[in-house]
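Below is a short note with numbered points on the model. Please read it with the coordinates open.

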Amino acid sequence: MLPLSVSPVQDQVLAALANGASLADAAAGAQVHRNTIGNWRRSSAEFRSAFANALYDRALLIREQAESLASLAIDAIGEILADPKATPSVRLKAALAILNQATTLPPEPPASEPPAPDLTAPEIVHNDAQSIPTSHSQTLPHIGRNQPCPCGSGSKFKVCCLNKPGKTPEQPVTIAS
């Protein structure tokens with residue numbers, strides 16, 4: 001892999017992330033705002049690639065720690081299963097989580113990132129809502145609240161059958177808009 005050209009502050013952030021720090025803690029340690037890291041990820045292909053490598057290194061670190069605790073997890077599960085009175089569901093869940101982490105394959109190393117998108121060409125963000133007609137299928141014909149009720153009572157629909165369950169007109173209609 002080619003050496004990446006990142007600044008010393010960016011390198012400090014990447015090292016903290018690789019060692020298990022959160023994004024906010026890494027930013028605080030480097031005395032930058034956490035949004036600055038997001039800006040670096042968007043604007044710098046070198047930082048983006050190094051960031052992916054740092055996250056991969058952190059995943060490997062967590063896996064190594066879980067593997068070292070796997071024998072303890074197996075012992076804890078053995079104790080819980082052997083004790084008929086035991087109900088430490090929290091211990092069991094923790095032991096199973098450690099075993100799951102230790103037996104899961106490590107993530108694939110990050111591939112080289114595709115080139116950053118060309119920001120000189122404007123991207124079409126909004127499409128006209130009226131440009132493509134769509135058809136909506138309804139199971140009931142539209143009856144206005146103030147129209148006569150279809151049940152034949154002569155009252156307005158809103159007064160008669162609008163909110164009564166089981167009172168619906170019979171024929172489905174497809175409306176194209």
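1. Five residues of helix H1 (residues 8–18) are buried: Gln10, Val13, Leu14, Leu17 and Ala18. Around the helix axis they cover an arc of only 135°, so they sit on the same side of H1. As a general point, an α-helix has 3.6 residues a turn, so residues three or four places apart point the same way. Just after H1, Gly20 takes a positive phi of about 100°. The model is a predicted one, and this applies to every point here.

2. On the overall make-up, the chain holds six helices and two strands. Their order along the sequence is α-α-α-α-α-β-α-β. Of its 177 residues, 21% count as buried. Among contacts with a separation of 6 or more, 57% are between residues 24 or more positions apart.

3. The largest nonpolar core has 13 residues, and Val13, Leu14, Leu17, Ile37, Phe47 and Phe51 have the most contacts inside it. Two or more residues of this core come from each of H1, H2, H3 and helix H4 (45–82). Another core, of seven residues, lies apart from it; Ala70, Ala76, Ile77 and Ala102 are among its members.

4. What does Ile37 touch, leaving aside residues up to four places away in sequence? The partners are Val13, Leu23, Ala27, Val32, Phe47 and Phe51. Of these, Val13 is one of the buried residues of H1, while Phe47 and Phe51 are named with Ile37 among the residues with the most contacts in the largest core.

5. The count of aromatic pairs is two. In one of them, Trp40 and Phe47 have ring centres 5.3 Å apart and planes at 65°; the angle is over 60, so the pair is edge-to-face. Both Trp40 and Phe47 are buried. Ring pairs join Trp40, Phe47 and Phe51 into a cluster.

6. Not counting residues up to four places away in sequence, Arg63 touches Gln101, Ala102, Thr103, Thr104, Leu105 and Pro106. One of these, Ala102, belongs to the seven-residue core.

7. Two residues of the loop between H2 and H3 deserve a separate look. Gln31 lies in this loop and has phi near 60°, a positive value in a residue other than glycine. With a relative accessibility of 75%, Gln31 counts as exposed, because the cut-off for that class is over 50%.

8. His33 is placed in the loop between helix H2 (23–29) and helix H3 (34–43). At 47% relative accessible area, His33 falls between the limits of 20% and 50% and is therefore partly exposed. A polar atom of the His33 side chain lies 3.0 Å from the backbone nitrogen of Asn35. Between the C-alpha atoms of His33 and Leu23, ten residues apart in sequence, the distance is 9.9 Å. Leu23 is also one of the residues that Ile37 touches.

Key:
Residues numbered from 1 in each chain as written. Predicted model: local features only at pLDDT ≥ 70, side-chain atom pairs only at ≥ 80, totals over all residues. Heavy atoms only, no water. Helix = DSSP H or I, 4+ residues; strand = E, 2+ residues; numbered from the N terminus. Buried < 20%, exposed > 50% of the residue type's maximum accessible area, 1.4 Å probe, protein only. Polar contact = N/O pair within 3.5 Å; in protein donor to acceptor, adjacent residues only side chain to side chain. Arc of directions from axis to C-beta. Contact = heavy atoms within 4.5 Å. Core = buried A, V, L, I, M, F, W, Y, C linked by side-chain atoms within 4.5 Å. Phe/Tyr/Trp six-rings, centres within 6.5 Å; stacked < 30°, edge-to-face > 60°.
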